[in-house]
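Please examine the following model together with its sequence.

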Amino acid sequence: MRGEAIIGKAARVNLLALALMLPIAMSAGYAYAGVEGLIGGGLGVGLGFGFFLITALSVTLVSSRAPKLVEAVVLGGWLVKLLLFILIFAALRDAAWINDVTFALSVATAALLGLAIEVFVVIRAKGTYVTPE
């Protein structure tokens, strides 16, 4: 299995997990804190899985290019995502329309689940780690 196929499979499984976890987090958030919890759960799941899906998209777009470009895109993209997420979290820190507990729990759960999915997909992939020349 080639690198693009592995990343694509991880992205598909993450999208499926996002689709399954989103209504659960929003329902639990609503039950815990009303509308603010619903928003916190939905936004948290979106941000948690978004981190992985943005990486998968960027790698897929440049995977057929030179390895140095792929490396630069992955590392540069990770830095941009990290800064963007810090800004988003800072902007939402004092937001009254979002419940902090449901937001934090859904971000953490989505991030851990997304990481577990990617690790599982990569470990189960059958293929070479380098492209034979």
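The questions below go from the whole chain to single residues. This is a predicted model, in which local features need pLDDT of at least 70, side-chain atom pairs count only at pLDDT 80 or more, and totals for chains, interfaces and linings use all residues. Residues are numbered from 1 along each chain as its sequence is written, and side-chain values use heavy atoms, with hydrogens and water left out.

Q: What is the mean pLDDT of the protein chain?
A: pLDDT is the predictor's confidence in each residue, from 0 to 100. Where pLDDT is low, the predicted coordinates should not be read in detail. In the protein chain, 92% of the residues reach 70 or more, and the mean is 89.

Q: In what order do the elements of the protein chain run from the N terminus on?
A: Helices (H or I, at least four residues) and strands (E, at least two) are DSSP runs, numbered from the N terminus. The protein chain holds four helices and zero strands. From the N terminus on, the order is therefore α-α-α-α.

Q: Which element of the protein chain has the highest mean pLDDT?
A: The lowest mean among the elements, 90, belongs to helix H3, which covers residues 67-92. The highest, 92, belongs to H4.

Q: What share of the residues in the protein chain is buried?
A: Buried means under 20% relative accessible area, exposed over 50%, and partly exposed in between (1.4 Å probe, protein chains only). The protein chain has 133 residues, and the buried share is 32%.

Q: How far apart do the centres of the positive and negative side chains lie?
A: Lys and Arg count as positive and Asp and Glu as negative, while His and the chain ends are not counted. The place of a charge is taken as NZ of Lys, CZ of Arg, CG of Asp or CD of Glu. The protein chain has 9 positive and 7 negative side chains, and the centres of the two sets are separated by 12 Å.

Q: Why does Thr102 count as buried?
A: Thr102 is part of helix H4, residues 100-124. Leaving aside neighbours within four places in sequence, Thr102 is in contact with Gly29, Tyr32, Glu36, Gly37, Gly40 and Gly41. Thr102 counts as buried because its relative accessibility is 10%.

Q: Which residue has the backbone oxygen that the side chain of Thr102 reaches at 3.3 Å?
A: A polar contact is a pair of N or O atoms within 3.5 Å; within protein, one must be able to donate a hydrogen and the other to accept it, and residues adjacent in sequence count only if both atoms are side-chain atoms. At 3.3 Å, the side chain of Thr102 reaches the backbone oxygen of Gly37.

Q: Which residues does Val13 touch, not counting those up to four places away in sequence?
A: Val13 lies in helix H1, residues 3-33. With 30% relative accessibility, Val13 counts as partly exposed. Beyond four places in sequence, Val13 touches Ile117 and Val121.

Q: How far apart are the C-alpha atoms of Val73 and Leu61?
A: Val73 belongs to helix H3 and counts as partly exposed because its relative accessibility is 23%. Not counting residues up to four places away in sequence, Val73 touches Ser58, Val62 and Trp78. Val73 and Leu61 are 12 residues apart along the chain, and their C-alpha atoms are separated by 9.6 Å.

Technical notes. Contact = heavy atoms within 4.5 Å.
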